[in-house]
Amino acid sequence: SVDGVPLRHALEVRHESFDDPAFLAMARDAGAAVVLADHEESPASTGHDVGFSYMRLMRAQADEPAGYAAADIARWADRARAQAREGDGCSFFISGAKERNPAAAQAMIVALA
């Protein structure tokens, strides 16, 4: 904690060797969430939460006005709702199509409303 504020940690791992029950148990026991990272070039972990969760969504497309198709936004919103039932959830849109990330986040907000 810093000045009495508890710190939370999320681990974004990018190698298939981390898809291991021993690693997931170690992270959980340390109180660290495992990031659900969605990226076409890195193996995606499924993520797991420890009272909070973190999704890092990295597939926005420049030719899609909202960065993602409506069906994809709906799917991520469903996942965010499921994570929120377990605790705090954070979804972060970051991709090479940076100009679409704000629109993707706004579309997610609308889908979650």
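This report describes the fold of one protein chain and then selected residues within it.

The model is predicted: local features require a pLDDT of at least 70, side-chain atom pairs count only at pLDDT 80 or more, and totals for chains, interfaces and linings use all residues. Residues are numbered from 1 along each chain as its sequence is written, and side-chain values use heavy atoms, with hydrogens and water left out.

## The chain as a whole

The protein chain contains 3 helices and 5 strands. Here helices (H or I, at least four residues) and strands (E, at least two) are DSSP runs, numbered from the N terminus. Along the sequence, these elements follow the pattern β-α-β-β-β-α-β-α.

The C-alpha trace spans about 40 × 35 × 25 Å along its principal axes. A compact globule of 113 residues would have a radius of gyration near 13 Å, and the 15 Å of the protein chain agrees with this. The radius is taken over C-alpha atoms, and the globule rule is 2.2 Å times the number of residues to the power 0.38.

Of the 113 residues, 32% count as buried. Buried means under 20% relative accessible area, exposed means over 50%, and partly exposed lies in between (1.4 Å probe, protein chains only). The protein chain exposes about 6900 Å², of which carbon and sulfur atoms supply 55%. Such areas come from the Shrake-Rupley method with a 1.4 Å probe; for residues, only the protein chains shown count as cover.

Contact means heavy atoms within 4.5 Å. Among the contacts with a separation of 6 or more, residues 24 or more positions apart account for 54%.

Asp3 is found in the segment before strand E1 (9–11). Its phi is positive, about 50 degrees, although Asp3 is not a glycine. Most residues other than glycine have a negative phi. With a relative accessible area of 78%, Asp3 is exposed.

At the start of helix H1 (residues 21–29), a side-chain oxygen of Asp20 reaches to within 2.6 Å of the backbone nitrogen of Ala22. Asp29 also has its place in helix H1, and Asp29 counts as exposed at 62% relative accessibility. After H1 comes Gly31, whose phi is positive, near 80 degrees.

Phe52 lies in strand E4 (residues 52–57) and counts as buried, because its relative accessibility is 10%. Leaving out residues up to four places away in sequence, Phe52 touches Arg8, His9, Ala10, Gly31, Ala33 and Asp88.

Gln83 lies in helix H2 (residues 70–84) and is buried, with a relative accessible area of 10%. Its side chain makes a polar contact with the side chain of Ser53 (3.5 Å). A polar contact is a pair of N or O atoms within 3.5 Å; within protein, one must be able to donate a hydrogen and the other to accept it, and residues adjacent in sequence count only if both atoms are side-chain atoms. Beyond residues up to four places away in sequence, Gln83 touches Ser53 and Met55.

Cys90 lies in strand E5 and counts as partly exposed, at 38% relative accessibility. Apart from its neighbours within four places in sequence, Cys90 is in contact with Ser53, Tyr54 and Met55.

Lys98 lies in the loop between strand E5 (88–93) and helix H3 (101–112), and at 57% relative accessibility Lys98 counts as exposed. Asn101, by contrast, has its place in helix H3 and is buried, with a relative accessible area of 9%. Not counting residues up to four places away in sequence, Asn101 touches Ala60, Phe93, Ile94 and Ser95.

## Separation along the chain and in space

The table sets separation along the sequence beside the distance between C-alpha atoms.

| Residue pair | Separation in sequence | C-alpha distance |
|---|---|---|
| Asp29 and Val50 | 21 residues | 8.9 Å |
| Cys90 and Ser53 | 37 residues | 6.1 Å |
| Lys98 and Met58 | 40 residues | 9.5 Å |
| Phe52 and Ala10 | 42 residues | 9.0 Å |
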